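Colleague: I have a structure to look at before our meeting. Could you take me through it?

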Amino acid sequence: MQEKQSEFQIILKVYFDNDFNVNEITEVLDLKPSHCIPYSKSGYTRISHKKQSGAWWYSYPSPTKFVGGMVVQDVLDKFFEPFDKGKIQALKNIVDKNSGEIKLCINIYFYHERVPELCFSGRAMRILNYLNADIEINMNEDNEC
């Protein structure tokens, strides 16, 4: 019986608390977002009634799927393939100009004692630093046999 690999999903989340046209990111990056909603159409939180941000998200491999592996860096390399230097600079300019913020979410499911390697290469860290992005890592153990 083959042992299960960890599974990864990466989501680049860009937020704006103003009426910036989030579709501009789609045009500039030439990437289809997994979630895109302008601030004017975003709702309010249920309990505090706080206005939610406008958002543009890009998911790899998709918003509902995960990709197998044992090293987060391998998945990050695939995730960043469509982001050439010009697209990264354009995204940074948009976010800076419109007071946005960027978060990179890494969702990981691992099986029992098969915890993946969480080392990040210089390239990924330089991109995230350049974008002034926060990193959120969510690790969950899958208890299925």
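This is a predicted model: local features need pLDDT of at least 70, side-chain atom pairs count only at pLDDT 80 or more; totals for chains, interfaces and linings use all residues.

Colleague: Let us begin with the strands. In which sense do strand 5 and strand 6 pair?

Modeller: Strand 5 (residues 101-111) and strand 6 (residues 134-142) are parallel, and nine bridges hold the pairing. Phe 110, for instance, has Glu 141 of strand 6 as its bridge partner.

Colleague: And how does strand 1 run relative to strand 5?

Modeller: Strand 1 and strand 5 run antiparallel, joined by nine bridges. Within that pairing, Ile 11 has Cys 105 in strand 5 as its bridge partner.

Colleague: How many residues of strand 5 are buried?

Modeller: Eight of the 11 residues in strand 5 are buried, so the strand is mostly covered.

Colleague: Turning to strand 1, is Ser 6 buried or exposed?

Modeller: Ser 6, which belongs to strand 1, is buried, at a relative accessible area of 0%. Leaving aside residues up to four places away in sequence, Ser 6 touches a list of residues that includes Val 67, Met 70, Ile 108, Phe 110 and Pro 116.

Colleague: What about Lys 13, which side chain of opposite charge is nearest to it?

Modeller: That is Glu 136, at 5.0 Å. Lys 13 is buried yet has no salt bridge. A salt bridge requires a side-chain nitrogen of Lys or Arg within 4 Å of a carboxyl oxygen of Asp or Glu.

Colleague: Then what does Lys 13 touch?

Modeller: Lys 13 lies in strand 1 (residues 6-16). Apart from residues up to four places away in sequence, Lys 13 is in contact with Trp 56, Trp 57, Glu 101, Ile 102, Lys 103 and Cys 105.

Colleague: Now the helix. What unit does helix 4 make with strand 5 and strand 6?

Modeller: Together, strand 5, helix 4 (residues 122-130) and strand 6 make a right-handed β-α-β unit.

Colleague: Which residues of helix 4 are buried?

Modeller: They are Ala 124, Ile 127 and Leu 128. These residues lie on the same side of helix 4, because they cover an arc of only 95° around the axis. In general, an α-helix has 3.6 residues a turn, so residues three or four places apart point the same way.

Colleague: What covers that side, and what is on the face turned away?

Modeller: The cover over the buried residues of helix 4 includes helix 2 (72-80), helix 3 (85-97), strand 5 and strand 6. The face turned away from the buried side carries Arg 126 and Asn 129, which are exposed. Just after helix 4, Asn 132 takes a positive phi of about 55°.

Colleague: Back to charges. How many salt bridges are found in the whole structure?

Modeller: The search finds three. In one of them, Lys 103 and Glu 136 meet at 3.5 Å, N to O. This pair links distant parts of the chain, with Lys 103 in strand 5 and Glu 136 in strand 6, 33 residues apart. Lys 103 is partly exposed, with a relative accessible area of 23%, and Glu 136 is also partly exposed, at 29%.

Colleague: And what are the other pairs?

Modeller: Asp 96 and Lys 92 form a salt bridge at 3.0 Å, N to O. Both lie in helix 3, four residues apart, about one turn of the helix. Glu 81 forms a salt bridge with Lys 78, and their closest N and O atoms are 3.8 Å apart. Glu 81 counts as exposed at 56% relative accessibility, whereas Lys 78 is partly exposed at 45%.

How values were computed. Residues are numbered from 1 along each chain as its sequence is written. Side-chain values use heavy atoms; hydrogens and water are left out. Two strands pair if DSSP finds at least two bridges between them. Helices (H or I, at least four residues) and strands (E, at least two) are DSSP runs, numbered from the N terminus. A crossover is right-handed if, with the strands pointing away from the viewer, the path from the first strand over the helix to the second runs clockwise. Buried means under 20% relative accessible area, exposed over 50%, partly exposed in between (1.4 Å probe, protein chains only). Lys and Arg count as positive and Asp and Glu as negative; His and the chain ends are not counted. Contact means heavy atoms within 4.5 Å. The arc is that of the directions from the helix axis to the C-beta atoms.
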